[in-house]
Amino acid sequence: MDWGLENRLAKIINPRNNRALMLAVDHGYFLGPTEKLENPKKTITPLLKYCDSLMLTRGVQRNSVDPTTSVPMVLRVSGGSSIIGEDLSQEQITVSMKDALRLNASAVAMSMFVGSKFENQTIVNLGRLVNEAEEYGIPVLAVTAVGKDLGKDARYLSLACRIAAEQGAHVVKTYYCDHFEKVVNSCPVPIIVAGGKKIPERDAMQLTYNSIKGGAVGVDMGRNIWQSQNPVPMIRAIRSIVHGNANVEQAFKLYTDLCRENKSLKQQNKPKNQHKIKSNKANSNKSKTPSGN
Ligand code: 5RP
């Protein structure tokens, strides 16, 4: 492996423990203003220091991330469909390698839709992206997207992951499933697990724990972090599993402790005479006329 490629990969997957915590915020590229990601900067800023890398589009990177950050960027370079369009699998490469370099991408990412109408197009695009990215020493993350009629089972996911690796992807993102070891064991490159739709916090911690135990290097998690009522405690709990070898009990305890701490900090920061202010306001309102004068 070329030095540059290996060095970039080491920024995403920590070589000391072979683990990775990627924060996914690229959802807008086909979903538009997803719930709790309406203002990407507001969502990303408090979470940034707890992730190893950030997966995003160039628009979000340029407009919502401070360029002085030291967090590595995994740049999504595919797109071309929307949630209301005809077929989500009709994606193309939309970002040039030149722009990825300008954005100092540590990796580029694209979706591959095995078993879909545009399977051929997305697999060929993956091969072409690898050709180009290898020239510049940039790793490629293949996102094995699942068509709406396909199950996220070990048979399908191992097919998709293996095809991605055969095309030269350096890391493959997939879903956790029963018999996950089958997916990991038949894929010669590291596997990172997507969080998927929002589920209860404890379940998302279990998914992270199971994924790591099953052989994944970590998670590329989005909605289960920033759609949580408590995004910072949530990412810290997930981090404790990925990098601290915490089990689900320990991670959930960390989460609840941090939530409690946040709550009491908020209470402490409330103005002490708030009650007084409120009752004074109520009195002064009483003296106002219905027109407010
Ligand atoms: C969308 C993606 C997302 O980055 C991926 O699904 C991870 O986010 P989440 O944990 O919310 O599923 O690649 O195509």
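Two strands are said to pair if DSSP finds at least two bridges between them. Helices (H or I, at least four residues) and strands (E, at least two) are DSSP runs numbered from the N terminus. This is a predicted model, in which local features need pLDDT of at least 70 and side-chain atom pairs count only at pLDDT 80 or more, while totals for chains, interfaces and linings use all residues. Residues are numbered from 1 along each chain as its sequence is written.

**Barrel**

- In the order β1-β2-β3-β6-β7-β8-β9-β10, 8 strands close into a barrel with parallel pairing.
- From one strand to the next, the twist averages 25°; angles run from 0 to 180 degrees between N-to-C directions, and axes are lines fitted to C-alpha atoms, for helices over the stretch in contact.
- Strand β9 (residues 191-194) pairs with β10 in the parallel sense over 3 bridges.
- A194 has D220 of β10 as its bridge partner.

**Ligand surroundings**

- The ligand is surrounded by 15 residues, the closest being A24, A194, G195, G222 and R223; a residue is near a molecule if its C-beta atom, placed from the backbone, lies within 6 Å of it.
- Two or more residues of this shell come from each of β10 (218-221) and α10 (223-226).
- The shell holds 6 nonpolar, 6 polar and 3 charged residues; Ala, Val, Leu, Ile, Met, Phe, Trp, Tyr, Cys and Pro count as nonpolar, Asp, Glu, Lys and Arg as charged, and the others, Gly among them, as polar.

**Helices α9 and α12**

- The axes of α9 (residues 201-213) and α12 (residues 248-269) come within 10 Å and cross at roughly 140°.
- The two helices are therefore oblique to each other; angles under 35 degrees count as roughly parallel, over 145 as roughly antiparallel, 65 to 115 as roughly perpendicular and the rest as oblique.

**Helices α11 and α12**

- Helix α11 (residues 231-242) packs with α12 at an angle of about 155°, their axes being 8 Å apart.
- That makes α11 roughly antiparallel to α12.
- Residues of α11 including P233, M234 and R236 meet residues of α12 including Q250, A251 and F252.
- The contact of α11 with α12 has 10 nonpolar, 3 polar and 1 charged residues.

Key: Two residues are in contact if their C-beta atoms, placed from the backbone, lie within 7 Å.
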